[in-house]
Amino acid sequence: MKTTRRKFIKDAAQSTALATVGTSLLFNSLEALAAQASTLQFSQIALPYAFNALEPNIDALTMEIHYGKHHAAYIKNVNEAIASEKISFENEQQFFANASKLSTKARNNGGGAWNHNFFWQIMKANGGGAPTGKTADAIQGSFGSFEKFKEQFTDTAMKRFGSGWAWLVNDGGKLKIGSTPNQDNPLMDVSELKGTPLLAIDVWEHAYYLKYQNKRADYIANWWNTINWDAVAKQL
Ligand code: MN
């Protein structure tokens, strides 16, 4: 839909420009329109499963509000910021690599848009267990064992004060665990933790409060049962 609209605007700009050679003012404004139409926009992925698919670990109502309200708002707000602030990047990587130059609105909502798209994909119905193959090898190589990795990751997610995320990232072949505040992520130039995200947990209260209230530890313990290790392996 969006691509079709962009293509239409581009085609319209090109054909109109050809028909009005010499009308430089019109040409320039159409060029600007075409350029604007091709800038990065964030879009919300379709949830790869039903709202109740992660029960009993994550309840359906939390998923419905989290995906339908919180995540949808980040998407809407970052695209609003991109338009009103005339932010122009080719892709998400470039957007985050320049996070230090973004407005608070663009940075927070851009992070929120990307982080949740990632988060939905690393979970699935009947997930969990332990990883196999190259993921298992990489985790063992970096942390000694899966149990030690799980302990360290859980501890990091527990200790993130206030709202934020805990991550497993691949930093040039070495796996690292860390956390980011708010909606920051390891792709941002402002982030202390850097690398390609492999796994993430949202520890904002909106991610668990309806079912778990103040018991973040229980949420994290049950979240391990939702992990889609095949999706994690794809990032490696
Ligand atoms: Mn969230």
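Modeller: Let us begin with a definition: two strands pair if DSSP finds at least two bridges between them. Strands (E, at least two residues) and helices (H or I, at least four) are DSSP runs, numbered from the N terminus. Strand S1 (residues 164-171) and S3 pair in the antiparallel sense over six bridges. The model is a predicted one, in which local features need pLDDT of at least 70 and side-chain atom pairs count only at pLDDT 80 or more, while totals for chains, interfaces and linings use all residues. Residues are numbered from 1 along each chain as its sequence is written, and side-chain values use heavy atoms, with hydrogens and water left out.

Colleague: Which residue stands opposite alanine 166 in S3?

Modeller: Isoleucine 201 in S3 stands opposite alanine 166.

Colleague: In what order do the three strands form the open sheet?

Modeller: The order is S2-S1-S3, with antiparallel pairing. Strand S2 (174-181) and S3 are the edge strands, and each pairs on one side only.

Colleague: Is strand S3 mostly covered or mostly open?

Modeller: S3 (residues 196-202) is mostly covered, since six of its seven residues are buried. Buried means under 20% relative accessible area, exposed over 50%, and partly exposed in between (1.4 Å probe, protein chains only).

Colleague: A new topic: which residues coordinate the manganese ion?

Modeller: His66 (NE2), His116 (NE2), Asp202 (OD) and His206 (NE2) coordinate the manganese ion at 2.0 to 2.1 Å. Donors are N, O and S atoms within 2.8 Å of the metal (3.2 Å for Na, K and Ca); water is not among the atoms, so sites may look incomplete. In sequence, the donor residues are spaced H-x49-H-x85-D-x3-H. Histidine 66 lies in helix H3 (residues 60-84) and histidine 116 in helix H5 (residues 104-121), so the pair ties together parts that are 50 residues apart in sequence.

Colleague: Are histidine 66 and histidine 116 buried or exposed?

Modeller: Histidine 66 counts as buried because its relative accessibility is 2%. Histidine 116 is buried as well, with a relative accessible area of 0%.

Colleague: Where is isoleucine 65?

Modeller: Isoleucine 65 is in helix H3. This residue counts as partly exposed, at 32% relative accessibility.
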